Amino acid sequence: MMRRALALARRGIGRTSPNPAVGCVIVRDGVIVGEGWHRKAGTPHAEAHALRQAAGQARGADVYVTLEPCSHYGKTPPCADALVAAGVARVFVGMVDPNPKVCGRGIGRLEAAGIEVTTGLLENESHFLNEPFIKHVTTGMPFVILKSALTLDGKTATSSGDSRWITNEKSRHYVHRLRAAVDAVMVGIGTVLADDPQLTVRIPRGRDPLRVVVDSTLRLPGTARMLSQESTSATLVATISGDEARCALLCSAGAEVVRCASRDGQVDLKDLLTRLGARGVQSVLLEGGSTLAGEALRAGLIDKFVLFYAPKLLGGEGGVGLFGGQSVMRMDEAFRLKTGAVRRFGDDIMVEAYPEEACLPG
């Protein structure tokens, strides 16, 4: 039943931010009588949908919910109070809500009403479901995912800069699903000047994320496609430049320019991510290029790696690697990762990995 609740919760990914994705199943006498998921921020939570479907059958029933029921008033009433009012008998919780506004208070309300509560059922899977929410609500920083397509010899482009296409259509379709699930997609100015990307989501019902361009010296042209397309999302340009004329030009073209702290003559990525977190951005997808990826890696800012390997070889010297800048000198200094999911998209192989110290999902 908890696996069913997790499956329901996944339907809300990409639509619930700044709230978590949550699923709920209500069971009576071994039969599901109500189920629901949080569909969009500002709308009823998963428990409310499930209770509405269960109606009177919720009394004496068991409830399976992926995250601790909320205990405070926001845009909707507390779910813990709704479960108490419905007279449920037992509640099984995937994980305690790390939000300081909740964090055990919802469970406390249920237990005070005589409802039996069990926590930690499929806890790792529940944690994995809401990685961005958990990091943001506990640190104020976004969850950063590095995505890249590579040949089997580790190249992201040829020596001439050609990168279309390394991976197949199935892999590229999945990337659009990734974009639709995050709050922001980030690229360096080099990628924009080379590819003039739109950074939009091209799948049905996909939501465009905020587009962030790291552009220390304001080289982004006012004619860039991402500035002229029809999109519900905005473009933010992060810079350290004080060129007011360039800033005015980009603002008139529809961009927002944010001046960040400087680190070694470039945008300080930690400062930029702190600013994004402060404006409610919970998740960032890094899509290129090698300079940006290298700086983020060495600064310890990447929380998850999603790497697509295609059965191709460029061969020989040259070509563009995943990370720019100076590599470590010794193998024992290498950045160590733990492998998570491995999936196939046709002939392509996708590998998810986390920094070694991270908690591996599943």
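## Start at helix 6

Select helix 6 first: its buried residues pack against strand 4 (90-95), helix 5 (123-129), strand 6 (143-151), helix 11 (269-278), strand 15 (304-310) and strand 18 (348-355). Helices (H or I, at least four residues) and strands (E, at least two) are DSSP runs, numbered from the N terminus, and contact means heavy atoms within 4.5 Å. The buried residues of this helix, which runs over residues 131-139, are E131, F133, I134 and H136; buried means under 20% relative accessible area, exposed over 50% and partly exposed in between, with a 1.4 Å probe and protein chains only. Just after helix 6, look for G140, which takes a positive phi of about 80 degrees.

Before going on, note that this is a predicted model, in which local features need pLDDT of at least 70 and side-chain atom pairs count only at pLDDT 80 or more, while totals for chains, interfaces and linings use all residues. Residues are numbered from 1 along each chain as its sequence is written, and side-chain values use heavy atoms, with hydrogens and water left out.

## Zoom out to the whole chain

Now show the whole protein chain, which has twelve helices and 18 strands. Its C-alpha trace spans about 65 × 45 × 40 Å along the principal axes. The radius of gyration is 23 Å, which agrees with the value near 21 Å that a compact globule of 362 residues would have; this radius is taken over C-alpha atoms, and the globule rule is 2.2 Å times the number of residues to the power 0.38. Of the 362 residues, 47% count as buried, and residues 24 or more positions apart account for 70% of the contacts with a separation of 6 or more.

## The annotated positions

Select S163, R179, R202 and E287, which the UniProt annotation "binding site" covers in an unreviewed entry. UniProt positions are given in the numbering used here, feature names are shortened, and annotations may be inferred rather than shown by experiment.

Centre on R179, in helix 7 (residues 169-181), where this residue counts as buried because its relative accessibility is 9%. Leaving aside neighbours within four places in sequence, R179 is in contact with L199, T200, V201, R202, R207, P209, L285 and E287, so that list includes two other residues of the annotation, R202 and E287.

Move to E287 in strand 14 (residues 283-288), which counts as buried at 15% relative accessibility. Not counting residues up to four places away in sequence, E287 touches K147, V175, R179, V185, M186 and V187. Draw a distance between the side chains of E287 and K147, which are joined by a polar contact of 3.3 Å; a polar contact is a pair of N or O atoms within 3.5 Å, where within protein one must be able to donate a hydrogen and the other to accept it, and residues adjacent in sequence count only if both atoms are side-chain atoms.

For "active site", UniProt lists E47, again in an unreviewed entry. E47 lies in helix 2 (residues 46-54) and counts as buried at 4% relative accessibility. Apart from residues up to four places away in sequence, E47 touches C24, V65, L67, P69, C79 and L83.

## Aromatic rings

A search of the whole structure finds four aromatic pairs. Rings of Phe, Tyr and Trp (its six-membered ring) pair if their centres lie within 6.5 Å, and planes under 30 degrees apart count as stacked, over 60 as edge-to-face and the rest as tilted. Select Y174 and F345, a tilted pair with 5.0 Å centre to centre and 40 degrees between the planes. This pair links distant parts of the chain, with Y174 in helix 7 and F345 in strand 17 (residues 337-345), 171 residues apart.

## A last stop at T191

Which backbone nitrogen does the side chain of T191 reach? T191, in helix 8 (residues 189-195), reaches with its side chain the backbone nitrogen of G289 at 3.0 Å. T191 is buried, with a relative accessible area of 16%.
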